[in-house]
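Here are my notes for you, point by point. Keep the picture open while you read and look up each piece as it comes.

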Amino acid sequence: MIYPTRMAVLAAAIGAPVALLVALLFPGRWYAGLGWPLAVMVLVAADALLGRGRASATLALPHAASVGVPLRVPVSVTIGGRARTAQVALAPDPLLVGDDRLDMVLSDGRGRGEVVLTPARRGTARIDTIWVRWPGPLALVWRQARIAAERTLPILPDVDAIRRQGAQVFQRHAVQGLLAQSDRGDGTDFDALVEFRSGMDRRAIDWKQSARHLKLHAKEYRTERNSQIVFAIDAGRQMSEPVAGIPRVDRAVSAALLTGWVALKLGDRVALHAFDSRPRVASGFIGGSGAFAELQQLAAGIDYSGDETNYTFALTMMAARLTRRSMIVLFTEFTDPTSADFMVRAVARLLKTHLVLVVVLRDEELETIVERAPAAAADVTRAVTAAALLRDRRLVLLRLRRLGVHVIESPYDQVAERLVEGYVDLKRRSLL
């Protein structure tokens with residue numbers, strides 16, 4: 001693509017009053033005034049011919065990026081011909097903000113620079129096109145090339161922050177003795193046969209071995225490892241609504257990643273599921289500390305949705321994939337009593353085989369409306385409506401607890417830590 005520069009447009013515009021002045025002063029030689037615009041056109045054509053060349057560009061994207069962390073993306077450009085400068089622009093993506101334009105100086109037709117982009121939200125950003133333009137030797141025309149990139153960039157929560165927070169939580173619980181070494185005596189997995197000591201559980205005495213050794217011997221247990229943890233994230237319309245500027249589903253993903261990091265460190269296996277009107281992400285179980293990177297990639301595939309959540313379909317399909325007892329951590333949000341009833345019924349079916357932990361965020365907006373002193377009649381109506389919604393919400397959580405579901409209702413800024421504490425407590429009590 002070839003088009004004139006600002007200098008060419010200004011030069012052509014200056015020729016108009018010159019041609020008019022020549023026509024007024026020399027009416028018989030009015031055509032002499034056309035010499036200026038014709039000369040500009042000739043120079044533009046010559047500049048277009050002299051500046052021709054083939055352009056190519058490469059973009060070095062990392063494997064993943066973190067939300068809110070500026071990303072420096074190297075860009076390399078090669079242009080054949082006499083080009084000395086070039087400008088590079090990336091096709092905009094709503095997930096990336098920042099200065100996506102770059103001016104660079106070429107040496108022997110080659111140039112290199114960096115574009116600074118900041119991921120604005122979680123998801124998968126796509127950069128399909130790189131635009132490169134360069135001026136001719138006379139700076140009268142731009143030659144522009146459109147280069148297909150077809151690159152994707154998974155945008156994840158800030159993993160460094162998750163690792164720091166996870167290390168702090170891990171260390172704190174280790175100090176308290178919840179995660180000490182192999183947790184002997186707290187689980188159901190047989191570890192060793194030891195001589196009975198005062199303070200040990202009498203139900204652990206092995207009478208056959210005691211009769212053989214003529215001393216009391218007891219079985220010592222440790223917490224079972226290799227448990228299966230399933231993070232089921234509701235990505236429907238209500239979970240896509242923001243809380244303190246960040247969607248609820250992003251809060252859930254951050255909490256799931258932090259808990260998944262701790263679970264992998266403790267030797268458990270983790271799977272990730274996401275759903276709205278139907279299942280969207282369904283992974284197999286992964287294990288080992290090195291599998292956390294794969295868990296991040298799976299989390300990047302969870303998109304925001306405007307569909308209503310179908311608990312029956314999604315949870316039934318998820319349960320069909322499980323071949324043994326697992327701990328299911330369900331992140332969800334409900335305001336409609338009808339959908340909440342479907343959710344309770346679906347969870348009740350899971351409880352026949354699995355351990356279920358439901359995580360919801362406290363609705364601080366409704367609580368603020370209820371606690372605020374009314375200043376007008378409309379405020380009273382809002383407070384009554386908010387109180388009714390909170391009452392229905394508490395009834396649903398009460399129904400879940402009576403069924404045997406473990407429920408965590410947490411402020412948005414404490415949900416990750418509260419979930420880790422709940423997971424560690426259930427593991428210490430050998431309920432997994």
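1. Is it buried or exposed, or something in between? Its relative accessibility is 29%, so Ala 139 counts as partly exposed, because buried would need a value under 20% and exposed one over 50%. You'll find Ala 139 in the loop between strand 9 (123–135) and strand 10 (141–156). Bear in mind as you look that this is a predicted model.

2. Stay with Ala 139 a moment and ask which residues it touches. If you skip its neighbours within four places in sequence, Ala 139 is in contact with Thr 5, Met 7 and Asp 47.

3. Now zoom out to the chain. It has 11 helices and 21 strands, and 44% of its 432 residues are buried. Take the contacts between residues at least 6 apart in sequence: 72% of them join residues at least 24 apart.

4. Next, the pair formed by helix 1 (residues 6–25) and helix 2 (residues 35–50). Two packed helices are described by the angle between their axes and the distance between the axes. Here the axes of helix 1 and helix 2 come within 8 Å and cross at roughly 165°. That makes helix 1 roughly antiparallel to helix 2, since angles over 145 degrees count that way. The crossing of helix 1 past helix 2 is left-handed. Which residues of the two helices meet? From helix 1 come Ala 8, Ala 11, Ala 12, Ile 14 and Gly 15, and from helix 2 come Trp 36, Val 40 and Val 44.

5. For a closer look, take strand 2 and strand 4 (residues 71–79): they run antiparallel and are joined by 5 bridges. Find Thr 58, and you'll see Ser 76 of strand 4 standing opposite.

6. How many residues of strand 13 are buried? The count is 7 of its 7.

7. With strand 16 (residues 269–275), strand 13 pairs in the parallel sense over 7 bridges, and Asp 234 stands opposite Phe 275 of strand 16. With strand 19 (residues 327–331), strand 13 again runs parallel, joined by 5 bridges. In that pairing, Ile 233 stands opposite Phe 331.

8. Helix 5 (residues 248–265) is next. Its 18 residues reach 26 Å from first C-alpha to last, close to the 26 Å expected at 1.5 Å a residue. Why call helix 5 largely enclosed by the rest of the structure? Because 16 of its 18 residues are buried. Just after helix 5, Gly 267 takes a positive phi of about 90°.

9. Last comes helix 10 (residues 377–403), with 27 residues reaching 40 Å, close to the expected 39 Å. Its buried residues are Ala 383, Ala 386, Leu 390, Arg 393, Val 396, Leu 397 and Leu 400. The spacing is worth a thought: an α-helix has 3.6 residues a turn, so residues three or four places apart point the same way. The buried residues of helix 10 pack against helix 8 (337–350), strand 20 (355–361), helix 9 (364–371) and strand 21 (406–410). Just after helix 10, Gly 404 has a positive phi of about 105°.

10. The axes of helix 9 and helix 10 come within 8 Å and cross at roughly 135°, so the two helices are oblique to each other. Helix 9 passes helix 10 in a left-handed crossing. Among the residues making this contact are Leu 366 and Ile 369 of helix 9, and Ala 383 and Leu 390 of helix 10.

Definitions and conventions
Residues are numbered from 1 along each chain as its sequence is written. This is a predicted model: local features need pLDDT of at least 70, side-chain atom pairs count only at pLDDT 80 or more; totals for chains, interfaces and linings use all residues. Side-chain values use heavy atoms; hydrogens and water are left out. Helices (H or I, at least four residues) and strands (E, at least two) are DSSP runs, numbered from the N terminus. The expected span of a helix is 1.5 Å times one less than its number of residues. Buried means under 20% relative accessible area, exposed over 50%, partly exposed in between (1.4 Å probe, protein chains only). Contact means heavy atoms within 4.5 Å. Two strands pair if DSSP finds at least two bridges between them. Axes are lines fitted to C-alpha atoms, for helices over the stretch in contact, and angles run from 0 to 180 degrees between N-to-C directions. Angles under 35 degrees count as roughly parallel, over 145 as roughly antiparallel, 65 to 115 as roughly perpendicular and the rest as oblique. A crossing is left-handed if the near helix is turned anticlockwise from the far one by less than a right angle, and right-handed if clockwise.
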